[in-house]
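Thanks for passing this one along.

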Amino acid sequence: MAYLPESPSSTYRPPAHPPGLVETTLCIVAYFAMQFVFGALFGGASMQIALHFPEQVPPAPDRLIVVVILTVLCAAALASWLVVRRWGPEHARDAGPGGLGFTEPPGRFIVMGTVLGLAAPMIGGLLTQLLAGEHTVTQAVSDIADKAHIGMRVALLPVVVLAGPAVEELLFRGALLSVLRTRLGDAWAIALSALVFGTVHLPDLAWLWYAVPNLVLVGLFCAWLRVRSGSIWPSFVAHAANNALATIAWFTASAGS
């Protein structure tokens, strides 16, 4: 696993104190705003290319996959750079309540993260099914990718399993959780950060409230791992495992349809 470099650039001065709740909230808002902006830019470029070169471009679902990949990667890179720069190397490596947790965890927490990450979609799926009744729940990315070429779906996997979880863990179990822990204590911070994590994904779930508890459960598992291990890496492993299992289920379902 990669850790932060030991020395900042000569022109950078780390903050004496990590950012507060307002700036942390703005970082999270900025990440989702950047997704909207980059999505519009790349989507517009894709439409223009298809308009001028209709015979040379792939079908619309494949182009949409490219737009999603570029959008998430660009937004994730900028948001991660912003958070790490604002917290500074010292706070980023802090395993305590005020740090981001870029520390090496005990090995058992990596195992626990894997187990909890694999359990979350199964437990959460049952919970969602109970709340939703006969309604179906799909996310926007899966709706797009169901119609795309298999090669494009495979290309989307690293973004869904690695890039997305990495930046979301940095924002929610790194920045947000650390701010809440210093103000509310561990228990309230875990619960509130998980609730925020689930709620901000509502637009991607077509505002279906009964899908939120599944994501809140993932947030609870990940936040608990971050607090107990003193490291952000077990929560990233849990998040990645959760997305990987959900993606496998999606691939299996779309292949059989």
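1. The crossing of α2 and α5 is left-handed (the near helix is turned anticlockwise from the far one by less than a right angle; clockwise would be right-handed). Helix α2 covers residues 60-92 and helix α5 residues 150-184, and their axes come within 10 Å and cross at roughly 25°. The two helices are therefore roughly parallel to each other (angles under 35 degrees count as such). Axes here are lines fitted to C-alpha atoms over the stretch in contact, with angles from 0 to 180 degrees between N-to-C directions.

2. A word on provenance: this is a predicted model, in which local features need pLDDT of at least 70, side-chain atom pairs count only at pLDDT 80 or more, and totals for chains, interfaces and linings use all residues. Residues are numbered from 1 along each chain as its sequence is written, and side-chain values use heavy atoms, leaving out hydrogens and water.

3. Overall, the chain has 8 helices and 0 strands (DSSP runs: H or I of at least four residues for helices, E of at least two for strands, numbered from the N terminus). Of its 257 residues, 44% count as buried (under 20% relative accessible area; exposed is over 50%, partly exposed in between, with a 1.4 Å probe and protein chains only).

4. How many salt bridges does a search of the whole structure find? There are 3 (a side-chain nitrogen of Lys or Arg within 4 Å of a carboxyl oxygen of Asp or Glu). One of them joins glutamate 23 and arginine 86, with the closest N and O atoms 2.4 Å apart. This pair links distant parts of the chain, from helix α1 (residues 21-52) to helix α2, 63 residues apart.

5. Do look at the salt bridge between glutamate 169 and arginine 173, at 2.5 Å, N to O. Both residues lie in helix α5, 4 residues apart, about one turn of the helix. Glutamate 169 is buried at 1% relative accessibility, and arginine 173 is buried at 0%.

6. Aspartate 186 and arginine 181 also form a salt bridge, their closest N and O atoms being 2.9 Å apart. Aspartate 186 is partly exposed at 34%, whereas arginine 181 counts as buried at 10%.

Terms used: Angles under 35 degrees count as roughly parallel, over 145 as roughly antiparallel, 65 to 115 as roughly perpendicular and the rest as oblique.
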